[in-house]
Amino acid sequence: MRPEFRRRRFGRRKVCPFCADKTLYIDYKTPSMLKRFITERGRIVPRRISGVCAAHQRQLQEAVKRARMVALMPFSMSGID
Amino acid sequence: MIMARSYETIIITRPDYETDSVEKLHERLLKAIDEKGGVELKLVDWGRRKLAYPISGHRKGNYYYWGFIASPDCLSEVHRFLKLSSDVIRFQTITLSDAKPLGAFDIVKEKERVEALTPDPQDDEDPIRRDRRDRRRRRDDDEDGDDDDDNDDDDDDQEDA
Ligand SMILES: [Zn+2]
């Protein structure tokens, strides 16, 4: 069992937004949607924080990787305005 | 028998690329496809966009989306041309379908698939944020609403730093 402080620190358990809304399509061509799941530094938010399920997190990682390759998303925010 | 797959390629050209050059680029792509066995599905001009990071010293680029069906030979020819072209600063191809005989493709269906996979990246509306904003508005209108934790997203980002 996890210590109590973790729950308070990271907020209550969230449901996977992609499981909750089936119309949300994970695609590397919609960076505006993917940006919701990356940190200010351009890293993918761990799913323990975002609440994204394992299957959708894999799709998300693939999409972010593809979006980065064609400069629709940054590899890292540092040093880039 | 020629086996083929459907693909989509994002092509980024130099920002100083002239409009009439797009037609030249398109002609070359079509030539590669015609000679080696393939079918064009769709070419979409996404326009000039700011790059998320500089590529070859450029901060902006012209984006093109190209959907097509191609044999392996045809795809290598397309890639060979894109690599050689000094106007193309980046490209990426994604495989959309399994391999099947070129004649077995339902072109109308493939065009629909490409259509479905072509959201406009200029549209910056984030569906999740829009949903949260709408909920927040509803709550503001209705002061005694429950205390939902929708200010969590930006705070959580810090935890990962
Ligand atoms: Zn999910």
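Biologist: Which residue in S3(B) does B:Val39 stand opposite?
Modeller: B:Val39 stands opposite B:Ile69 in S3(B), where strands are DSSP runs of E with at least two residues, helices are DSSP runs of H or I with at least four residues, and both are numbered from the N terminus. Please keep in mind that this is a predicted model, in which local features need pLDDT of at least 70 and side-chain atom pairs count only at pLDDT 80 or more, while totals for chains, interfaces and linings use all residues. Residues are numbered from 1 along each chain as its sequence is written, chains are lettered from A and ligands numbered from 1 in the order in which they are written, and side-chain values use heavy atoms, with hydrogens and water left out.

Biologist: How many bridges are there between S2 and S3 of chain B?
Modeller: Strand S2 (residues 38–55) of chain B pairs with S3(B) in the antiparallel sense over twelve bridges, and two strands count as paired if DSSP finds at least two bridges between them. B:Ile55 stands opposite B:His58 in S3(B), and in the hairpin of these strands, with two residues between them, B:Ser56 takes a positive phi near 50°.

Biologist: And what about S1 of chain B, how does that run against S3(B)?
Modeller: Strand S1 (residues 3–13) of chain B runs antiparallel to S3(B), and nine bridges join them; B:Ile12, for example, has B:Tyr63 in S3(B) as its bridge partner.

Biologist: Is S3 of chain B mostly covered or mostly open?
Modeller: Strand S3 (residues 58–70) of chain B is mostly covered, with eleven of its 13 residues buried. Buried means under 20% relative accessible area, exposed means over 50%, and partly exposed is in between, using a 1.4 Å probe and protein chains only.

Biologist: Switching to the metal, which residues are the protein donors of the zinc ion?
Modeller: They are A:Cys16 (SG), A:Cys19 (SG), A:Cys53 (SG) and A:His56 (ND1), lying 2.0 to 2.3 Å from the zinc ion. Donors are N, O and S atoms within 2.8 Å of the metal (3.2 Å for Na, K and Ca), and water is not among the atoms, so sites may look incomplete. A:Cys16, in the loop between helix H1 (4–10) and helix H2 (17–20) of chain A, and A:His56, in helix H5 (residues 54–69) of chain A, are 40 residues apart, so this pair links distant parts of the chain. Both count as buried, A:Cys16 at 8% relative accessibility and A:His56 at 16%.

Biologist: What are the angles among the four donor atoms?
Modeller: The angles are 99 to 115°, and the site of the zinc ion is tetrahedral.

Biologist: Where is A:Arg66, and what does it touch?
Modeller: A:Arg66 is found in helix H5 of chain A and is partly exposed, with a relative accessible area of 26%. Leaving out residues up to four places away in sequence, A:Arg66 touches A:Tyr28, B:Gln92 and B:Ile94, where contact means heavy atoms within 4.5 Å.

Biologist: How many helices and strands are there in chain A?
Modeller: Chain A has five helices and zero strands, and buried residues make up 46% of its 81 residues.

Note on methods. Tetrahedral: all angles 85-135°; square planar, octahedral: opposite > 155°, others 65-115°.
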